[in-house]
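Q: Please take a close look at the sheet in this model. How are its strands arranged, and what packs on it?

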Amino acid sequence: MLSEGGSFIKGVVLGGLFCLVVSLLSSFSSVTESNTDDHHHHHVKAASKDELKHFSDGQLLELNNRIQVYCIIMVQPKNLVYWATTLDTWSKHCDKPVFYTSEASKALEAIDLNEKDDWSRLRKALTHAYKNAGDLRWFFLAQPTTFAIIENLKYLVLTKDPEEPFYLGRAVKSGELEYVEYDGGIVLSYEALKRLVQVFQDEEKCPEKGRALWKLSEDKQLAVCLKYTGVFAENGEDTNGKGLFNTKSVDSLIQDSMRDNPTDVVEGCCSDLAVTFNGMSPNQMQVMMFGVYRLRPYGHDFHDLLTFYPPEGSDND
Amino acid sequence: MRKVRNMSTWIFTMGMVTGFLSLHLLFSSMVSVEKVNNSVQGIKPGTGHQDPPAGERDNKTGNDTRILCWIMTGPKNLETRTKHVKETWAKRCDKVLFMSSVKTDFPTVELNVSEGRDNLYWKTIRALQYIHQHHLDEADWFLKADDDTFVVLENLHHILSRHDPEKPFYLGRRFMPFIRQGYMSGGAGYVLSKEALRRFVKGFSTGECTHFSSIEDMALGKCLETMKVEPADSRDEHGRQTFHPYPPDYYIVRQPSRPRPWYLIYDHYAPVEGPGCCSDFVISFHYIYAVQQYVLEYLTYHLRPYGYKYRFKPDEKAQVNKTENINLL
């Protein structure tokens with residue numbers, strides 16, 4: 001009897017040890033994953049109407065008024081028409097639109113970074129924006145060839161805390177690196193920008209002259225530097241999972257949809273609350289202002305839970 | 001003795017299984033607690049498109065007036081153009097007729113007229129006679145459009161709500177030359193009241209109107225003038241145009257101050273170039289092909305700035321002055 005009990009106990013101990021070893025081996029890989037960042041989502045969705053209803057009117061009003069966007073717009077004199085068009089169109093909807101140029105232009109004013117190298121110039125602009133942020137906690141980085149709808153950007157980040165690191169846009173993968181495409185516009189929360197500006201000091205992780213023998217594009221470079229600080233690219237999406245940041249024009253996306261969803265072209269195309277498009281001509285951008293901020297069918301009311309007023313002194317919105 | 005040894009092996013194995021399973025259960029209950037703490041805040045999709053379904057309209061948009069759309073097309077355009085019109089704005093007409101020279105399952109109505117610009121007025125006359133004969137009671141207003149016109153029906157309803165369909169009126173983009181009271185651009189589309197339609201058809205049956213020209217819009221304008229149908233002003237409360245014979249970029253793009261370009265020469269009301277050209281509640285654009293039909297559909301009915309308080313609010317009686325940003329210089 002005793003020997004039976006003894007062998008049972010031996011069995012339990014051996015079985016337990018075996019289980020321990022097996023689970024230690026399997027959790028070893030998952031432990032390394034969760035150590036990198038407890039904020040590791042791959043997409044960030046706008047708040048749904050139901051989610052917003054959980055806020056009181058007072059809270060929503062506070063969020064509404066508190067969200068302010070600093071637009072970092074990287075221009076060059078050789079792109080003067082786009083520069084002027086952006087100045088005249090969507091940038092008026094930024095709380096603080098700031099144009100950073102590679103060299104001064106006689107025609108338009110901007111902060112002259114006096115820097116020809118794209119990556120160095122971007123670093124300078126981001127550093128300047130961080131230092132001059134004031135109360136603004138959200139940063140939108142774009143080129144003047146992009147068209148943005150800032151109200152929809154605000155809606156996307158409405159319930160997100162800018163003291164958390166957010167790095168959003170059209171997120172794509174290149175090998176192991178997930179990054180946000182420049183053409184679709186890049187959104188950074190205050191915390192993300194803070195960490196970025198800090199890592200700029202680290203020549204090892206984030207060299208000023210860019211890494212490797214071949215030049216990485218600025219958007220990939222940005223992703224590499226941010227990754228060192230524990231900030232990862234996330235895809236900005238609406239409540240249906242549709243991407244909000246586009247690197248193509250409306251025309252181009254509609255064409256794609258005509259090919260892919262011929263019976264449901266518009267529904268299958270782009271989000272109602274898209275934030276960016278890219279690749280339109282300056283004239284098309286002027287038409288977009290009309291299409292976005294004016295053109296609509298009489299009698300359709302949306303009862304949105306937020307309120308954004310038209311900017312002062314503007315006649316095309 | 002062999003029996004005893006099998007027994008103890010069996011017990012030993014039982015022990016191993018017990019030990020393994022109990023520890024495994026212990027570990028998995030610990031891990032699931034961790035997972036809950038790290039969960040993502042993604043909420044299930046909600047919204048979707050919020051405007052009222054196509055059939056419903058409240059009183060604001062036109063007191064239940066019905067619009068019959070007749071669209072001038074031809075066999076070679078059905079696949080390349082008309083199909084996309086049918087997929088987009090034509091669905092919002094209370095009744096839609098596609099007028100062609102050949103009857104098909106599209107469906108198209110066969111008018112006994114061949115295709116071609118020279119036959120355009122004949123086609124128009126036959127189309128109006130056909131509508132008068134078969135569909136007069138199905139609508140209050142009759143819209144003519146081409147297979148490359150884009151129309152926002154809700155905005156047409158809004159403009160028409162000012163008028164009585166039993167009175168002889170027609171609306172569109174008013175041109176001034178050739179006809180004393182002017183005429184409406186064919187390309188931009190035009191709308192006849194029920195009474196106007198009756199008078200047009202009557203004009204041809206009594207001989208007061210004839211096919212004196214193949215220039216459809218001008219000739220129609222002449223007939224309506226003869227039959228005492230009045231051209232109404234289709235501009236919005238700020239005097240901005242609603243019907244447009246060309247695509248949006250012809251009008252909206254800012255231009256330096258200049259004499260009227262060729263495409264604005266005929267305008268009866270002094271045209272404005274740049275953002276003040278066009279009403280928020282646009283009714284039509286012309287020369288809109290395939291891709292552009294869907295683009296305009298997307299821009300009009302889908303893409304919008306969330307929470308935006310539009311500047312143009314024709315229903316508000318008083319213009320409220322926002323005191324927040326008064327500049328005290």
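A: Two strands are said to pair if DSSP finds at least two bridges between them. By that criterion, in this predicted model, strand β3 (residues 96-101) of chain A pairs with β4(A) in the parallel sense, over 2 bridges. One bridge joins A:Thr101 to A:Asp112, the latter in β4(A).

These two strands belong to an open sheet of 8 strands with mixed pairing, whose order in chain A is β1-β11-β7-β10-β5-β2-β3-β4. The edges are formed by β1 (43-45) and β4 (111-112) of chain A; each has a single partner strand, so one side of each is left without a neighbour in the sheet. In general, strands of a sheet pair through backbone hydrogen bonds, either parallel or antiparallel.

Helices of chain A also meet this sheet. Helix α6 (residues 150-157) of chain A lies across β1, β2 (69-75), β5 (138-142), β7 (167-169), β10 (186-189) and β11 (234-237), and runs at about 130 degrees to β2(A). Helix α7 (residues 190-199) of chain A packs on the sheet as well, where it touches β5 and β10 of chain A, and its direction makes about 90 degrees with that of β10(A).

As for the setting of the sheet, chain A contains 10 helices and 12 strands, and 54% of its 317 residues count as buried. Among contacts in chain A between residues at least 6 apart in sequence, 77% join residues at least 24 apart. The C-alpha trace of chain A spans about 95 × 55 × 45 Å along its principal axes.

Methods:
Residues numbered from 1 in each chain as written. Chains lettered and ligands numbered in written order. Predicted model: local features only at pLDDT ≥ 70, side-chain atom pairs only at ≥ 80, totals over all residues. Heavy atoms only, no water. Helix = DSSP H or I, 4+ residues; strand = E, 2+ residues; numbered from the N terminus. Contact = heavy atoms within 4.5 Å. Axes fitted to C-alpha atoms, helices over the stretch in contact; angles between N-to-C directions. Buried < 20%, exposed > 50% of the residue type's maximum accessible area, 1.4 Å probe, protein only.
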